[in-house]
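The exercises below are meant to be worked with the model open beside the text. Try each task before reading its solution.

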Amino acid sequence: MPTLPPFVERMLPPTPLARRLSAQSILFAVGEGVFLTGSAVFFTQIVGLSAAQVGLGLTIAGVVSFFFAVPLGRAADKVGPKRMWALGALAEALLYLAWPWIDGFVAYVAMMVLLELVGGAGGAGRGAYTLDIFSREERVRSLAFMRAALNIGFTFGALLGGLALATNDDGVVRMVPLVAGAILGLNAFLISRLPAAAHDEAPAEPKQLITPGALKNRAFVALNVCDGVLGTNQVLLNVVIPLWLVQETDAPRVLLAWLFGTNTVLAVLLQVSASRGAETVPGALRATRISGAFFVLSCLIVLVTHDTIGWVTIVLVWLGHVTVTGAELFQSAGHWGLVAELSDPDRRGEYQGAARLGGTLGSVWAPAAYTFLAIEWGTPGWLLIGAIVVVAVIGIHPAARAAERYLQKYGTVPAA
């Protein structure tokens with residue numbers, strides 16, 4: 001069988017399974033991306049909602065999914081990670097096919113709640129499956145390739161969605177969720193064809209778990225709260241810096257397109273490099289420190305652009321966006337390593353739910369808080385944002401060590 005040149009091998013996921021999962025990630029992201037790109041237009045022009053109703057529906061769905069995060073994770077452990085992932089993906093595809101017949105606020109909220117729930121179920125299954133199926137040495141690197149593949153898929157999905165919007169035809173916009181549903185249906189089929197992970201194989205006699213549930217491991221929840229704070233780099237990336245550019249600097253608005261384009265390219269090219277060494281707890285903690293340093297550096301760079309002009313502003317805003325992209329890449333790597341190493345191997349789905357719950361607690365407040373601090377307070381606000389991140393970086397270290405001791409107390413070690 002012919003082999004690929006070494007430089008090509010380095011650019012590809014490390015195993016055939018990782019390549020299959022990366023291809024599946026691209027397909028999934030194309031399906032979701034094609035709808036998300038024009039979702040605001042779809043909700044307002046087709047479903048007939050106001051902007052306030054769209055936001056309220058998203059909030060209600062987010063609250064419901066928050067309370068179901070851990071129960072859905074437990075269900076993934078009982079049903080099996082791959083089965084739960086495939087069922088969640090299939091349910092999502094079917095719900096997308098129903099979008100053109102949704103009308104009014106109540107139906108919209110019901111749809112968003114169902115999408116959040118099946119997304120949470122599928123996400124718990126996916127997370128548990130990827131931790132289960134890869135060896136410890138391959139795990140973080142493979143997840144990095146899958147994350148890069150998601151960025152590629154969302155880019156193509158956005159292009160397809162943009163073409164639909166460019167027609168200015170409501171009939172075409174109404175067809176977009178049908179296209180998305182068809183793509184996501186194929187995605188569900190591909191998931192069902194993946195090899196079974198260890199916890200998908202039901203033993204002859206069900207195993208009686210003697211370790212406490214994930215929420216009993218308070219240190220694990222606490223470290224994910226801190227990690228959720230580090231994950232607020234997305235708020236800076238997608239909300240605060242764009243608003244700051246428009247309202248507080250003299251930079252041209254067209255720069256926003258270059259900022260998001262740069263972020264996508266860097267996420268595709270550098271995510272794997274950023275993940276190196278993060279497969280152990282010390283390595284993952286190192287990645288969180290690097291992430292925090294990039295986050296604080298971004299705050300320090302962007303805050304000075306209030307008083308700069310012309311090309312100096314453009315270069316500094318761009319550099320601030322690049323450094324917050326660095327925060328994103330290393331935070332992702334640290335998150336994968338910590339969750340993989342500090343989850344009970346017999347309760348991986350449940351620990352996925354606990355991680356999501358902690359991450360939500362650490363980040364849900366950030367859009368309102370960061371926007372107020374940066375836009376209303378200016379320099380002191382940016383410095384306070386940086387200080388919040390420093391506290392999270394400091395706090396995640398004892399939390400991770402305590403979570404590690406908790407697993408050792410019950411004789412639980414991560415499975416290779």
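**Exercise 1: a residue in a helix**

With a relative accessibility of 0%, Leu184 counts as buried, where buried means under 20% relative accessible area, exposed over 50%, and partly exposed in between (1.4 Å probe, protein chains only). The model is a predicted one, in which local features need pLDDT of at least 70, side-chain atom pairs count only at pLDDT 80 or more, and totals for chains, interfaces and linings use all residues. Residues are numbered from 1 along each chain as its sequence is written, and side-chain values use heavy atoms, with hydrogens and water left out.

Task: State which helix holds Leu184, and how far its C-alpha atom is from that of Leu27.

Solution. Begin with the element: Leu184 is found in helix H8, helices being DSSP runs (H or I, at least four residues) numbered from the N terminus. Then take the distance: although Leu184 and Leu27 are 157 residues apart along the chain, their C-alpha atoms are separated by 7.6 Å.

**Exercise 2: the cavities**

Task: Find how many cavities of 30 Å³ or more the whole structure has, and describe by class the residues that line the largest cavity.

Solution. Start from the term: on a 1 Å grid over the protein atoms alone, a cavity is a set of points where a 1.4 Å probe fits but cannot get out, and lining residues have an atom within 4 Å of a point. A volume is the space filled by probe spheres set on the points, which are joined across faces, edges and corners. The search finds two cavities of 30 Å³ or more, and the largest holds about 50 Å³ of space. Its lining includes Val34, Phe42, Gly161 and Val176. The elements that give two or more residues to this lining are helix H2 (16–37), helix H3 (39–46), helix H7 (136–166) and helix H8 (170–192), and H7 gives the most, with three residues. By class, the lining of the largest cavity has seven nonpolar, three polar and no charged residues; here Ala, Val, Leu, Ile, Met, Phe, Trp, Tyr, Cys and Pro count as nonpolar, Asp, Glu, Lys and Arg as charged, and the others, Gly among them, as polar.

The second largest cavity holds about 30 Å³ of space, and its lining has three nonpolar, one polar and four charged residues. Among the residues that line the second largest cavity are Asp132 and Arg348, which return in the next exercise.

**Exercise 3: salt bridges across the chain**

Task: Describe the salt bridge between Arg348 and Asp132, and then that between Glu350 and Arg74.

Solution. A salt bridge is a side-chain nitrogen of Lys or Arg within 4 Å of a carboxyl oxygen of Asp or Glu, and by this rule the count comes to eight. The side chains of Arg348 and Asp132 meet at 2.8 Å, N to O. Because Arg348 lies in helix H14 and Asp132 in helix H6, the pair ties together parts that are 216 residues apart in sequence. Both Arg348 and Asp132 are buried.

Turning to the second pair, the side chains of Glu350 and Arg74 meet in a salt bridge at 3.4 Å, N to O. Glu350 is in helix H14 (residues 348–363) and Arg74 in helix H4, 276 residues apart. Glu350 is buried, with a relative accessible area of 2%, whereas Arg74 is partly exposed, with a relative accessible area of 37%.

Notes. On a 1 Å grid over the protein atoms alone, a cavity is a set of points where a 1.4 Å probe fits but cannot get out, and a pocket is an open set with protein on both sides within 12 Å along at least five of seven lines; lining residues have an atom within 4 Å of a point.
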